[in-house]
Each structure stands twice: as structure tokens, then as C-alpha cells.
Amino acid sequence: MGTTAAGLGVHGGQYSPSFNTIASSQTSIRRLPSISCKGRNFDLAIVPCPIDLLNPKNDVDNLINLIEDVSSDLGNVKLIVIDTLSRAISGGNENSPDDMGAFVKYVDKIRNSMDAHMMVVHHAGKDTAKGARGHSLLRAATDTELEVRLVGPSHVIRVRKQRDMEAGN
């Protein structure tokens, strides 16, 4: 397995390590850009393996322990990326309130245990005007929803939801 996500956290004006748990294509990891900003390099920890964030006997506690180990080596992790939701609930049903509710519960457990931001990579449905596929409780639990869309030769990011703010471009 590999990764398609990369990130860095900014917390209190300080750059912090990012942690990615990935269940994506093996070749994608080679396409990761180097992460630097204004001449500074940033630490990025990648776990290139499938994770289970659906079942009661899942990988959440082991994942939290691993992120704690990374934090002790690199500094506090402030952004955790799950790429993709579909692979993190492998065998689950994105349209099921039970399965999506379990996923949200376990993501919240990771976020609260690590005091970190969570980014979940997810896909739009066949009708992109309706937004992300799956049960509506995912959107209800989301603080910020960003849509990346190809417009001509460029990618455009649109804010589809920002809790307590209007959506827009």
C-alpha cells in the first residue's frame, strides 16, 4: 500500500509534524512532493498500510500508540490524514448510519487523544453537485469540507462547508 496525501500542520505559528495513515496505491508514494516552505523542511511520517476504523476490534489504539511514538521522535503531531475513508472502512457501507457513525466515533477518538487536526480524504458521489458520497451524518460531523475539482488545466479548491461560516470559493 502507499499514500496520496501529504500535509503539514501549523499550530500557534509553529510548524508541526504531520502524520499520515494511508491505504492507497503503492506507486502513489513515489509521487509525494517534497514538503518545504520558505526554505524550511517539515517532518512527514507515513504509515503505508491499511487500517481498520470500522470494527470494534480495530486499529485505533495501535494507531494512537504509533502516533504518540512519532510525536516523541519528531514533536507533537498536529495533522493526521486518513486516505481514504473508503479504505479505512473496508468492508463497510458508506450509506449505513451504523458504519459511518462508527467511523466518525473512531476518528474523534484519535483526534481527541492526540489533540490534533484530522483530515479525511473522501470521494464525491456520481452526482458531484450532491457532494461527498455516503450517509449524511458524515457531513453533519464535518467541520470543514473542501472540494478539489479540475477546472481546465488547474485544480480549484472550493469550501463546501465551514462550520459557523458560509460556504464559497
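Helices and strands here are runs assigned by DSSP and numbered from the N terminus, a strand being a run of E with at least two residues. The structure described is a predicted model, and under that numbering isoleucine 157 sits in strand 10, which covers residues 154-162.

**Overall make-up**

The protein contains four helices and ten strands, and, read from the N terminus on, its elements follow the order β-β-β-β-β-β-α-β-α-α-β-α-β-β. Of the 169 residues in the protein, 37% are buried, and the accessible surface amounts to about 10100 Å², with 49% of that area belonging to carbon and sulfur atoms. Among the contacts with a separation of 6 or more, 61% are between residues 24 or more positions apart.

**Helix 3**

Helix 3 spans residues 97-114 and has 18 residues, reaching 25 Å from its first C-alpha to its last, which is close to the 26 Å expected at 1.5 Å a residue. At the start of this helix, a side-chain oxygen of serine 96 comes within 3.1 Å of the backbone nitrogen of aspartate 98, while aspartate 115, with a positive phi near 50°, follows the helix.

The buried residues of helix 3 are Asp99, Met100, Ala102, Phe103, Val104, Tyr106, Val107, Ile110 and Met114. An α-helix has 3.6 residues a turn, so residues three or four places apart point the same way. The buried residues of helix 3 pack against several other elements, namely helix 1, strand 7, helix 2, strand 8 and helix 4, and the table gives the residue ranges of those elements where they are stated.

| Element | Residues |
|---|---|
| Helix 1 | 60-74 |
| Strand 7 | 79-83 |
| Helix 2 | 85-88 |
| Strand 8 | 117-121 |
| Helix 4 | 136-141 |

**Histidine 122**

Histidine 122 is placed in the loop between strand 8 and helix 4. Leaving aside residues up to four places away in sequence, histidine 122 touches Leu85, Glu94, Ala132, Arg133 and Leu138. With one of these, arginine 133, there is a polar approach, in that a polar atom of the histidine 122 side chain lies 2.8 Å from the backbone oxygen of arginine 133.

Together with Leu146 and Val148, Ile157 forms a nonpolar patch on the surface, and the accessible area of the three together is about 300 Å².

Notes:
Residues are numbered from 1 along each chain as its sequence is written. This is a predicted model: local features need pLDDT of at least 70, side-chain atom pairs count only at pLDDT 80 or more; totals for chains, interfaces and linings use all residues. Side-chain values use heavy atoms; hydrogens and water are left out. Patches are made of residues with over 30% relative accessible area and no salt bridge: like charges are joined within 9 Å, nonpolar side chains (Val, Leu, Ile, Met, Phe, Trp, Tyr) within 5 Å. Accessible areas come from the Shrake-Rupley method with a 1.4 Å probe; for residues, only the protein chains shown count as cover. A salt bridge is a side-chain nitrogen of Lys or Arg within 4 Å of a carboxyl oxygen of Asp or Glu. A polar contact is a pair of N or O atoms within 3.5 Å; within protein, one must be able to donate a hydrogen and the other to accept it, and residues adjacent in sequence count only if both atoms are side-chain atoms. Contact means heavy atoms within 4.5 Å. The expected span of a helix is 1.5 Å times one less than its number of residues. Buried means under 20% relative accessible area, exposed over 50%, partly exposed in between (1.4 Å probe, protein chains only).
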